[in-house]
Amino acid sequence: MATAFLSTANSFFPSSISPSTSSSCSSSSSSSLGTALVYLNNQNVQRRTPCKAFNESPPPTPALTKRGFSLCFITSLVLAAGNGCSNAIAAILEADDDEELLEKVKKDRKKRLERQGVISSSGQEKGYLQDVVYKLSEIGQAIDNNDLSTASSVLGGSTDTEWVKNANVAFNKLSSSPEEKTQVETFNSSLASLISSVTKNDVESSKVAFVTSATAFEKWTTLTGLVGQLKGL
């Protein structure tokens, strides 16, 4: 079978072509084929290189924020000038802190002036508060002497008495901060407890409630700046 296959293969070559000619053609074809393969390979490399460069996206540029720019700028100054520049930057930052402190002082002073203006125009309310000071003084002395009947007569028996209502009128007008309003709430609640304890003839509870009421009132006058304008405090 092998002999038949070779015989068939030889029939494809013309009889006029000698073995040497066939060998020469084969050598020439191999050389041409090699040259063609090298050319095609070079063409493929040239075609792939631009595509690869086109497809590869450039690395993202990092975003530079205002804070980052400032830090970079200050860092570059420090590295360039050394300690002298560091001292200058420290002076700039200190100046900024001083400006912020100055602004805060100005705002606080403005608030105090506004508060003083309100207090100066609140003569009637200060009169109500002065009456509170006198009432608390009388009640405290009576409780200290275990004289709850006198304390009850000064208190009036309920929080609907005139002096308590007037006191709350002054509280509402002159209280502005949350701390001041908290002290007002403490005063009113402890005053109600004081009235209840005195009515029940409970000396110890009356003393505790009185101290809480007087302390809350004193703190409120300190916060509002009235502590120096009322007698007896």
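1. Helices (H or I, at least four residues) and strands (E, at least two) are DSSP runs, numbered from the N terminus. With that numbering, N146 lies in the loop between α5 and α6, and N201 has its place in the loop between α8 and α9.

2. The model is a predicted one, in which local features need pLDDT of at least 70 and side-chain atom pairs count only at pLDDT 80 or more, whereas totals for chains, interfaces and linings use all residues. Residues are numbered from 1 along each chain as its sequence is written, and side-chain values use heavy atoms, with hydrogens and water left out.

3. The secondary structure of the chain comes to 9 helices and 0 strands, and the pattern read along the sequence is α-α-α-α-α-α-α-α-α. Of the 233 residues in the chain, 22% are buried, where buried means under 20% relative accessible area, exposed means over 50%, and partly exposed lies in between (1.4 Å probe, protein chains only). Contact means heavy atoms within 4.5 Å, and among contacts between residues at least 6 apart in sequence, 69% join residues at least 24 apart.

4. Helix α5 (residues 123-144) and helix α6 (residues 148-155) pack at an angle of about 165°, with their axes 7 Å apart; axes are lines fitted to C-alpha atoms, for helices over the stretch in contact, and angles run from 0 to 180 degrees between N-to-C directions. The two helices α5 and α6 are therefore roughly antiparallel to each other, since angles under 35 degrees count as roughly parallel, over 145 as roughly antiparallel, 65 to 115 as roughly perpendicular and the rest as oblique.

5. Which residues meet where α5 and α6 are in contact? On the α5 side they are K135, E138, I139, A142 and I143, and on the α6 side L148, T150, A151, V154 and L155. These residues divide into 7 nonpolar, 1 polar and 2 charged, with Ala, Val, Leu, Ile, Met, Phe, Trp, Tyr, Cys and Pro counted as nonpolar, Asp, Glu, Lys and Arg as charged, and the others, Gly among them, as polar.

6. E125 is also found in helix α5, and E125 is buried, with a relative accessible area of 10%. Not counting residues up to four places away in sequence, E125 touches A170, K173 and L174. In α7, the buried residues are W163, V164, N166, A167, N168, A170, F171 and L174.

7. A209, in helix α9 (residues 203-224), is buried, with a relative accessible area of 7%. Leaving aside neighbours within four places in sequence, A209 is in contact with S190, S193 and L194; A209 and L194 are 15 residues apart in sequence and 4.9 Å apart in space, C-alpha to C-alpha. S189, which is found in helix α8 (residues 178-199), counts as partly exposed at 42% relative accessibility, and S189 and A209 are 20 residues apart in sequence and 9.1 Å apart in space, C-alpha to C-alpha.

8. Most residues other than glycine have a negative phi. N146, although not a glycine, has a positive phi of about 60°, and at 48% relative accessibility N146 counts as partly exposed. Phi of N201 is near 60°, again a positive value in a residue other than glycine, and N201 is exposed, with a relative accessible area of 54%.
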